[in-house]
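Subject: Structure to look at

Hello,

Here is the structure I promised you. Please open it next to this email and follow along.

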Amino acid sequence: MRILLVEDDHLIGSAIQQALHDAAYAVDWVQDGATALSTAKTEDYILVLLDLGLPCKNGLEVLGELRNSKNAVPVIIITARDAVEDRINGLDEGADDYLIKPFSLNELQARIRAVVRRNHGVAGSILSNGILKLNPATHEVTRDNQTYTLTAREYALLHALMLHPGTIHSRDQLEGRIYGWNEEVASNAIEFIIHGLRKKIGKDAINNVRGLGWMVSK
Ligand code: CA
């Protein structure tokens with residue numbers, strides 16, 4: 001659940017970063033359009049939050065260049081510009097949604113959940129593989145009618161696995177999904193989180209494929 005935040009307003013940027021961090025997202029924050037573009041092209045984000053009025057390159061240029069380079073990462077535009085034309089241009093350039101400042105941080109999180117669901121073809125609000133049910137709004141997982149509360153890391157890791165049941169995720173992939181670029185990652189961090197998850201929801205809920213990584217069954 002790693003998000004790229006592109007926002008040149010320091011107050012707004014730090015408020016968003018803090019709120020999303022508290023909600024278990026890893027947030028990489030950049031403050032100009034050129035850096036946004038180079039970062040989005042090299043890192044693996046679940047979503048980009050994109051301001052329009054930015055130094056170096058504006059948000060619409062960033063979005064246009066991303067889509068031209070066949071980068072389909074979901075983008076939510078966050079903008080103070082409330083002209084209908086800006087919104088239309090943003091959606092036409094390939095944005096998935098937009099929010100007009102000032103917006104509630106709770107609404108932002110609900111929009112992020114909705115865009116991520118749509119982007120991964122998840123119909124309902126709950127991620128399920130037939131054994132586990134993961135609720136992105138509460139970070140709770142249910143198995144056999146028992147509900148478990150997860151830590152932020154446990155939730156982020158299980159969410160990455162549950163978005164693609166039946167797909168093996170390597171350690172590198174999982175680290176890339178749940179840690180931002182400023183975070184120190186201990187060499188056994190992923191094993192440690194998986195260990196905690198298995199203690200809660202059962203050892204057989206997450207399969208280890210020796211030498212390759214981890215997955216939840218489909
Ligand atoms: Ca701005």
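G53 is partly exposed, at 33% relative accessibility. Here buried means under 20% relative accessible area, exposed means over 50%, and partly exposed lies in between (1.4 Å probe, protein chains only). D8 is partly exposed too, with a relative accessible area of 34%.

Before you go on, note that this is a predicted model: local features need pLDDT of at least 70, side-chain atom pairs count only at pLDDT 80 or more, and totals for chains, interfaces and linings use all residues. Residues are numbered from 1 along each chain as its sequence is written, and side-chain values use heavy atoms, with hydrogens and water left out.

The calcium site

Which residues coordinate the calcium ion? They are D8 (OD), D51 (OD) and G53 (O), at 2.1 to 2.3 Å. Donors are N, O and S atoms within 2.8 Å of the metal (3.2 Å for Na, K and Ca); water is not among the atoms, so sites may look incomplete. The spacing of the donor residues in sequence is D-x42-D-x1-G. D8 and G53 link distant parts of the chain, 45 residues apart. D8 sits in the loop between β1 (2-6) and α1 (10-22). G53 sits in the loop between β3 (47-51) and α3 (59-68). Helices (H or I, at least four residues) and strands (E, at least two) are DSSP runs, numbered from the N terminus.

Covered strands

Start with β1. Five of its five residues are buried. R2, L4 and V6 point one way, while I3 and L5 point the other way. β1 pairs with strand β2 (residues 26-30) in the parallel sense, over five bridges. Two strands pair if DSSP finds at least two bridges between them. L4 has D28 of β2 as its bridge partner.

Now take strand β4 (residues 75-79). Five of its five residues are buried as well. V75, I77 and T79 lie on one side, with I76 and I78 on the other. β4 pairs with β3 in the parallel sense, over four bridges. The calcium donor D51 stands opposite I78 in β4.

Four strands form an open sheet in the order β6-β7-β8-β9, with antiparallel pairing. β6 (127-128) and β9 (146-149) stand at the edges, each with a single partner strand, so one side of each has no neighbour in the sheet. β6 and strand β7 (residues 133-135) run antiparallel and are joined by two bridges. S128 stands opposite K133 in β7. Helix α6 (residues 152-163) packs on the sheet and touches β6, β7, β8 (140-143) and β9. Its direction makes about 125° with that of β7.

H159 is in α6. Is H159 buried or exposed? H159 is buried, with a relative accessible area of 5%. Leaving aside neighbours within four places in sequence, H159 is in contact (heavy atoms within 4.5 Å) with M1, I46, V116, L127 and L134.

Two packed helices

Helix α7 (residues 171-178) and helix α8 (residues 189-201) pack at about 80°, with their axes 10 Å apart. Axes are lines fitted to C-alpha atoms, for helices over the stretch in contact; angles run from 0 to 180 degrees between N-to-C directions. That makes α7 roughly perpendicular (65 to 115 degrees) to α8. R171, L174, E175 and I178 of α7 meet I190, E191 and I193 of α8.

Best wishes

Definitions and conventions:
Parallel < 35°, antiparallel > 145°, perpendicular 65-115°, else oblique.
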